[in-house]
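Please study the sequence and the model before reading each solution.

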Amino acid sequence: MTIFDEGRPGRKTSSHHPDDGDKTVTIPERFLRQSPIGLPEVSELQVMRHYSILSQSNYSVDTNFYPLGSCTMKYNPRACHTLAMLPGFLGRHPLASEARGQGVLRTLYELKEMLEEITGMPGISLAPLAGAHGEFAGVGMIRAYHRDRGDLERTEILVPNAAHGTNPATAALCGFTVREVATNDEGDVDLEALKAALGPKTAGLMLTNPSTLGVFERRVKEMADLVHEAGGLLYYDGANLNAIVGRVRPGDMGFDAIHLNVHKTFSTPHGGGGPGAGPVTVSERLLPYLPTPILERDESGYCYWRGRHDRPKSMGRLGGFTGNIGVLLRAYVYLRMVGRGGLRRLSDYATLNANYLMAKLEKAGYEVAFPGRRATHEFIITLAKEKAEYGVTALDVAKRLLDFGSYAPTIYFPMLVPECLLIEPTETETMEELDLFVEAMVTIREEMKHDVKRLHEAPHTLPLSRLDETRAARKPELVWNNKS
């Protein structure tokens, strides 16, 4: 039921209404509406109850296990949000002078130094406003680098066939032709396929390590050397940084640009389109091309922004003002809270939890996509055999998991693995919570054998049952119509 359906004509939200003869309205008559605006006519109590019930129907990290692969949907300390919203931070106008904002700028400069150390890079721009924005900045700098050198024949970006879907989209958006590189049966990029793809047209390689297949690219340094020898550069998609932060640095692997999803790894709840921030760190090669503004500090400790006029080779400005400061401040507080040792424990427990779950599910009879490999922060199981034997799909299992109070993992991605579930428990879940997930998966496996109809019709305990997703995509009802 929508909030429109709950109302009645003439019902008001507020108890105070101006008299019909109120003359304080100065809007000219010709601009006034001649018919009702069509808002729901409900009481204040109805509004409160309607939206409170909707919020209770949502799955969230605060209320449910959320093992969404490659998205790092983990619990974030409330202290980070509280401190980022201190009046001095929250009330500062983005057009205020640098002299009146040294506290904010000093904080951001310290964040800049920490992110450079974490990634092993000498320079950073805090300006990109989201992960995809940072990804665009990374490829945009690679383009600026080759253009500055007059190397205009480099028109191809290499992308593994297990990459995140945004990678080829970003490369195409930046004007490059995308060339796919195969992965082998063990989940690594096929080195012979990479060698065959490299050439005078290669501008760069886009990669995340660990990959979306949930394994670490074991020959990444060799791959970096091959790309550099061919005249290309390497871009690192920071989506899976949660698996290696504090332990391995992308700069040490040979990458030239990395975007960080600080909203995923460093304490901002994300999903539904935001909020986010995607700072980019770079190697020496790409320092001149960083997007502006760039935060710098003089010998006295005074912090200031440098714009395009100070950095003529910059790829340019990506947005208004100086980045998504609120998200960056949350990352700063998080990093200060956990410290260097805490970052290492973060990745340790993320990988430990993933390997624990993988071993438990394999013991329960599920097939691991890459059985000879250890999981990183996530892993893949495939239901190809279950589909053939019982007619059960990954979608059926995902829908049934909702009945057990767990959000579903990513399904059908990466597409290399048939009927796949990409599972990421994160470091914030307890063993008891992981065991409950295993119990649910064991129960679901029994239902495949004895009550498959229950899986096909799941979920059973939510406000809505199985929806016709094809119809919803092709004929969505986006506007409420009064059918009475």
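## Exercise 1: Helix 5 and helix 12

Helix 5 and helix 12 are oblique to each other, and the task is to show how this description is reached.

Solution. The model is a predicted one.

Step 1. Two packed helices are described by the angle between their axes and the distance between the axes.

Step 2. Helix 5 covers residues 102–119 and helix 12 covers residues 325–363; their axes come within 10 Å and cross at roughly 50 degrees.

Step 3. The crossing of helix 5 past helix 12 is left-handed.

Step 4. On the side of helix 5, the contact includes V104, L108, L111 and L115, while helix 12 contributes residues including L328, L329, Y332 and L335. Sorted by class, the residues of this contact are 13 nonpolar, 1 polar and 4 charged.

## Exercise 2: Helix 6 and helix 7

Describe the crossing of helix 6 with helix 7, and state which residues of the two helices meet.

Solution. Step 1. The axes of helix 6 (residues 131–148) and helix 7 (residues 166–173) come within 9 Å, with a crossing angle of roughly 50 degrees.

Step 1. These two helices are therefore oblique to each other. Helix 6 passes helix 7 in a right-handed crossing.

Step 2. From helix 6, the residues E135, F136 and V139 take part; they meet T166, N167, T170, A171 and L173 of helix 7. This contact comprises 4 nonpolar, 3 polar and 1 charged residues.

## Exercise 3: Helix 14 and helix 15

At roughly what angle do the axes of helix 14 and helix 15 cross, and which residues make the contact?

Solution. Step 1. Helix 14 spans residues 394–402 and helix 15 spans residues 431–450; the axes cross at roughly 125 degrees and come within 10 Å.

Step 1. This angle makes helix 14 oblique to helix 15. The crossing is right-handed.

Step 2. V397, R400 and L401 of helix 14 make the contact with F437, A440, M441, I444, E447 and M448 of helix 15. The classes are 7 nonpolar, no polar and 2 charged residues.

## Exercise 4: The setting of E378

Is E378 buried or exposed, and where does it lie?

Solution. Step 1. E378 is placed in the loop between strand 10 (367–368) and strand 11 (379–382).

Step 1. A residue counts as buried under 20% relative accessible area. The value for E378 is 0%, so E378 is buried.

Step 2. Beyond its neighbours within four places in sequence, E378 is in contact with residues including G69, S70, S211, N240, A354 and L422.

Step 3. E284 lies 94 residues from E378 along the chain, and 32 Å separates their C-alpha atoms.

## Exercise 5: The whole protein

Why is the protein described as being as compact as a globular protein of its length?

Solution. Step 1. The protein has 17 helices and 13 strands.

Step 1. Its radius of gyration is 26 Å, close to the 23 Å that the globule rule gives for 484 residues, so the protein is as compact as a globular protein of that length.

Step 2. Along the principal axes, the C-alpha trace spans about 80 × 70 × 45 Å. Of the 484 residues, 47% are buried.

Step 3. Among contacts with a separation of 6 or more, 72% are between residues 24 or more positions apart.

Notes:
Residues are numbered from 1 along each chain as its sequence is written. This is a predicted model: local features need pLDDT of at least 70, side-chain atom pairs count only at pLDDT 80 or more; totals for chains, interfaces and linings use all residues. Side-chain values use heavy atoms; hydrogens and water are left out. Axes are lines fitted to C-alpha atoms, for helices over the stretch in contact, and angles run from 0 to 180 degrees between N-to-C directions. Helices (H or I, at least four residues) and strands (E, at least two) are DSSP runs, numbered from the N terminus. Angles under 35 degrees count as roughly parallel, over 145 as roughly antiparallel, 65 to 115 as roughly perpendicular and the rest as oblique. A crossing is left-handed if the near helix is turned anticlockwise from the far one by less than a right angle, and right-handed if clockwise. Contact means heavy atoms within 4.5 Å. Ala, Val, Leu, Ile, Met, Phe, Trp, Tyr, Cys and Pro count as nonpolar, Asp, Glu, Lys and Arg as charged, and the others, Gly among them, as polar. The radius of gyration is taken over C-alpha atoms; the globule rule is 2.2 Å times the number of residues to the power 0.38. Buried means under 20% relative accessible area, exposed over 50%, partly exposed in between (1.4 Å probe, protein chains only).
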